[in-house]
Amino acid sequence: MALAELIMPKMGESIMEATILKWLKQPGDAVALDEAVLEIATDKVDSEVPSPFAGVLQEIRFAEGETVEIGKIIAVITTGATGSAGVSAPVPVQEPVVKAGAAVNEAMATAAAPAVGAVVPVVSANGAGGAGPDSGGSGRFYSPLVLNIARQEGISMGELENLFGTGSEGRVTKRDILDYVQNRGVATAAAPTVPVSVAPLIKAVPEVPAASAPSNKTAEPVKTQAAVSVSGNVEIIEMDRMRKLIAEHMVRSKHTSPHVTSFVEADMTAIVQWRERIKQRFEQKTGEKITFTPIIIEAIVKAIRDFPMVNVSVDGDRIIVKKDINIGMAAALPNGNLIVPVIKHADQLNLLGLTKAVNDLAGRARLGKLKPEEVQDGTYTVTNVGTFGNVMGTPVINQPQVAIMAAGAIRKKPAVIETSQGDFIGIRHMMFLSHAYDHRVVDGFLGGSFVRRVADYLEAWDQNREF
């Protein structure tokens, strides 16, 4: 018999810890090879951690809800192999899989470019753990748990930046912020504060007089309560974790970037007629169904080559120009949430390659089978609001990117057709493109020219094109 240690997997270079959402196995349960043992969450995704070996779960070292540093031993599994005094060869690594309830992006949230780590189990007789976490990206990292505690306790970002951290690279841990809250509460017991994010939105309930409170308890922020409907004809739904992350990401994006949106209308008639003519043959030959999404992405990629300054991010007063063109495609999930899988190196794919990537990522997103690296590293995002029957929209920028394009529904409309013999009215398939961009670095000329160029590429479609 041998004891195998399961460590918290590395989920990316900028991620230093993860929260245990749920243990899928309990001590005494049999664990098969590659079977999920627990669910974890980071500020980017929710993931299942599979077991790299078969055996019996002997010990769980952290409870549900606890936040654990990357590289820490989280469980011990008894395997059937004969142990030795030394450390055996590592078992082949397994990559975590993103669940359908995974967070967007912070498929949506940081400029980091993490390479997905592996669950690297170490079999030993003396309990020696695995390697510790790597250093994070630029700036000071705060875990979602620390940020949530800060918001709940009304701690400003300025206070947080000045807080001494005992974690790796000076990182603020859960213990650090809780100790600070306790000491801060004692120092300000006479004047409890109401979190800024809550006070303007909900009606405060009168506090119990301070004299009635036990003298040995730390003062807490004022309790608040939502107003109650007189009729009672309401339903209160608690946001799930993914919806909370989406909400935070959207608010952060609006606070970060001054949004400007430019619109153009593209004549999609040639593309609609071409697709209608070849779609059956395309599917028979390639095994893939062709939609308008890969065609639009192809035009966006061409326009990015012409206008590379929309393929950037902002770091303080520096503009970071991305050489890779990685296109994020917003995908709606069956539960109504949203995730943004990323087509890496989209400029290196032809139309068939883009079609395969779009169909594969969209399909696995709906099934909750995306990997963490597949929702990261996007440099530009496209969202197809036409699938909901909307003709246009004003999308929110997917930080840390600086632009996003929404494609509306393709509708038949009367339009003026210009010819050398004169103008006339005809029925055309028209589509609105909405381009939202960060006015800190993308001015109207660049943002408007870019979306016009995308429309030009779409309108110049060759109806005799082969695949």
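Contact here means heavy atoms within 4.5 Å. The model described is a predicted one.

**Helices H5 and H7**

By that definition, H5 and H7 meet through a set of side-by-side named residues: Trp274, Phe282 and Thr286 in H5 are in contact with Leu351, Leu352, Thr355 and Lys356 in H7. Two packed helices are described by the angle between their axes and the distance between the axes. For helix H5 (residues 269-286) and helix H7 (residues 351-367), the axes come within 13 Å and cross at roughly 75°. H5 is therefore roughly perpendicular to H7, because angles of 65 to 115 degrees are placed in that class.

**Backbone features**

Most residues other than glycine have a negative phi, and most peptide bonds are trans. Asp34 has a phi near 70°, a positive value in a residue that is not glycine. The loop that holds Asp34 runs between strand E3 (30-31) and strand E4 (36-41). His345, also not a glycine, has a positive phi of about 50°. The place of His345 is the loop between strand E17 (342-343) and H7.

The peptide bond between Gln399 and Pro400 is cis, with omega at about 5°. Pro400 belongs to the loop between E18 and E19.

**The E18-E19 loop and Thr387**

Thr387 is found in the loop between strand E18 (380-384) and strand E19 (403-407). Thr387 and Ile410 are separated by 23 residues in sequence, and their C-alpha atoms are 9.6 Å apart in space.

**A nonpolar patch**

Met309, Ile319 and Val321 make a nonpolar surface patch of about 220 Å². Of these residues, Met309 sits in the loop between helix H6 (292-306) and strand E12 (312-315).

**Accessibility of loop residues**

The table gives relative accessibility for residues named above.

| Residue | Relative accessibility | Class |
|---|---|---|
| Asp34 | 39% | partly exposed |
| Met309 | 34% | partly exposed |
| His345 | 33% | partly exposed |
| Thr387 | 58% | exposed |

The classes follow from cut-offs: buried is under 20% relative accessible area, exposed is over 50%, and partly exposed lies in between. Thr387 counts as exposed because its relative accessible area is 58%. Met309 is partly exposed because its relative accessibility is 34%. A residue needs over 30% relative accessible area to be part of a patch, and Met309 has 34%.

Technical notes. Residues are numbered from 1 along each chain as its sequence is written. This is a predicted model: local features need pLDDT of at least 70, side-chain atom pairs count only at pLDDT 80 or more; totals for chains, interfaces and linings use all residues. Side-chain values use heavy atoms; hydrogens and water are left out. Patches are made of residues with over 30% relative accessible area and no salt bridge: like charges are joined within 9 Å, nonpolar side chains (Val, Leu, Ile, Met, Phe, Trp, Tyr) within 5 Å. Accessible areas come from the Shrake-Rupley method with a 1.4 Å probe; for residues, only the protein chains shown count as cover. A salt bridge is a side-chain nitrogen of Lys or Arg within 4 Å of a carboxyl oxygen of Asp or Glu. Helices (H or I, at least four residues) and strands (E, at least two) are DSSP runs, numbered from the N terminus. Buried means under 20% relative accessible area, exposed over 50%, partly exposed in between (1.4 Å probe, protein chains only). Axes are lines fitted to C-alpha atoms, for helices over the stretch in contact, and angles run from 0 to 180 degrees between N-to-C directions. Angles under 35 degrees count as roughly parallel, over 145 as roughly antiparallel, 65 to 115 as roughly perpendicular and the rest as oblique.
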